[in-house]
Amino acid sequence: MRQTILFDLDDTLIHCNKYFNVVIQQFVDTMLTWFAGHRLSDEDIKHKQLEIDLAGVEIHGFKAERFPQSFIETYHFYSDFYDRTPRKEEEDWLYQLGNSVYEHSIEPYPMMDTTLQSLTDQGHELYLYTGGDATIQMRKIEEAGLHRYFGERIFVALHKTREFMETLIHTQQFERARTWMIGNSVRTDVLPAIEAGINAIHIPAQLEWKYNIVDITATPKGAFFTLPSLTEVPKVISDYSGKQAVNL
């Protein structure tokens, strides 16, 4: 039975969080140098930056400038706290550092191509549904060569919510019982899918962002699997859709 399969991009098909962690550590090291002599710890800086970044997501979604702006706001917070005068050149450097996370070359997850090709060969229709800045995400999609699997069936949202998921289902006329959402984020991939009554596969990221970690508060109406890797997806979907066919 042909299935409609929606894939998340970052930390489902290609690596993402590990690059953010590298840049955050560079930010922390810089702050510890600039604020040397004060009782400021690595964990203090990371906690404040995360707090500001998460607040920014709630307001702005996944706009690209949100992340570098969290560096500047953290810098201002501690500048005020320790009565240290902010400097324009330091602010500019922090903004450039934050933006550098979007400039790295993409790194596919193991067996990305094999998995997507297998699903294509099985006759399923693949969609890419990702969150973020459209220009940045499309650059990564092009670099990863993902158009050969998804064609023009690509959707980029600043806010990956239940409401956007419902809009996608209605506008694309997806049949819920044969539609799947596959991603690493419980908040933006798994929970909206379960709430919308479609099937879901959770593939936990190797390094997870705190924003993505929430409790599953809805009861699945269809299939719900947690898998350790992409490679298991084709068989799981094939087995489940096969059982659907038998029960018709």
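Predicted model: local features only at pLDDT ≥ 70, side-chain atom pairs only at ≥ 80, totals over all residues.
## After helix α6

Gly 145 follows α6, and its phi is positive, near 70 degrees.

## Helix α6

Helix α6 covers residues 134–144. At its start sits Asp 133. A side-chain oxygen of Asp 133 comes to within 3.0 Å of the backbone nitrogen of Thr 135.

Which residues of α6 are buried? They are Ile 136, Gln 137, Lys 140, Ile 141 and Ala 144. Around the axis they cover an arc of only 135 degrees, so they sit on the same side of α6.

What covers the buried residues of α6? The cover includes two helices, α5 (112–121) and α7 (147–150). It also includes two strands, β2 (125–131) and β3 (154–157).

## Helix α5 and its flanks

Helix α5, part of that cover, has buried residues of its own. Met 112, Thr 115, Leu 116 and Leu 119 are buried in α5. Seen down the helix axis, they fall within an arc of 90 degrees, so they line one face of α5.

Both flanks of α5 carry a residue with positive phi. After the helix comes Gly 123, with a phi near 95 degrees. In the loop between α4 and α5 is Met 111. Met 111 is not a glycine, yet its phi is positive, about 70 degrees. Most residues other than glycine have a negative phi. Met 111 has a relative accessible area of 42%, so it counts as partly exposed.

Asp 83 is not a glycine either, and its phi is positive at about 55 degrees. It lies in the loop between α3 (66–81) and α4 (88–99).

Is Asp 83 buried or exposed? Its relative accessibility is 71%, so Asp 83 counts as exposed.

Pro 68 is in helix α3. Its relative accessible area is 0%, so Pro 68 is buried. Leaving out residues up to four places away in sequence, Pro 68 touches Tyr 95, Gly 98, Asn 99 and Tyr 102. Pro 68 and Arg 84 are 16 residues apart in sequence. In space, their C-alpha atoms are 20 Å apart.

Lys 48 is in helix α2, residues 42–60. A lysine can be buried too: the cut-off is under 20% relative accessible area, and Lys 48 is at 12%. Beyond residues up to four places away in sequence, Lys 48 touches Thr 74, Phe 77 and Tyr 78. Lys 48 and Thr 74 are 26 residues apart in sequence, while their C-alpha atoms are 6.3 Å apart in space.

Gln 3 is in the segment before β1 (4–7). Its relative accessibility is 0%, so Gln 3 counts as buried.

Which side chain makes a polar contact with that of Gln 3? The partner is Trp 180, at 2.8 Å. Trp 180 is also one of the residues that Gln 3 contacts beyond its neighbours within four places in sequence.

## The whole chain

The chain has 248 residues, and 49% of them count as buried. Its secondary structure comes to 10 helices and 6 strands. The C-alpha trace spans about 70 × 35 × 30 Å along its principal axes.

Contacts across the sequence are well represented. Of the contacts with a separation of 6 or more, 72% join residues 24 or more positions apart. The accessible surface is about 12,100 Å², and carbon and sulfur atoms account for 52% of that surface.

Technical notes: Residues numbered from 1 in each chain as written. Heavy atoms only, no water. Helix = DSSP H or I, 4+ residues; strand = E, 2+ residues; numbered from the N terminus. Buried < 20%, exposed > 50% of the residue type's maximum accessible area, 1.4 Å probe, protein only. Polar contact = N/O pair within 3.5 Å; in protein donor to acceptor, adjacent residues only side chain to side chain. Contact = heavy atoms within 4.5 Å. Areas by Shrake-Rupley, 256 points an atom, 1.4 Å probe, with all protein chains shown as cover. Arc of directions from axis to C-beta.
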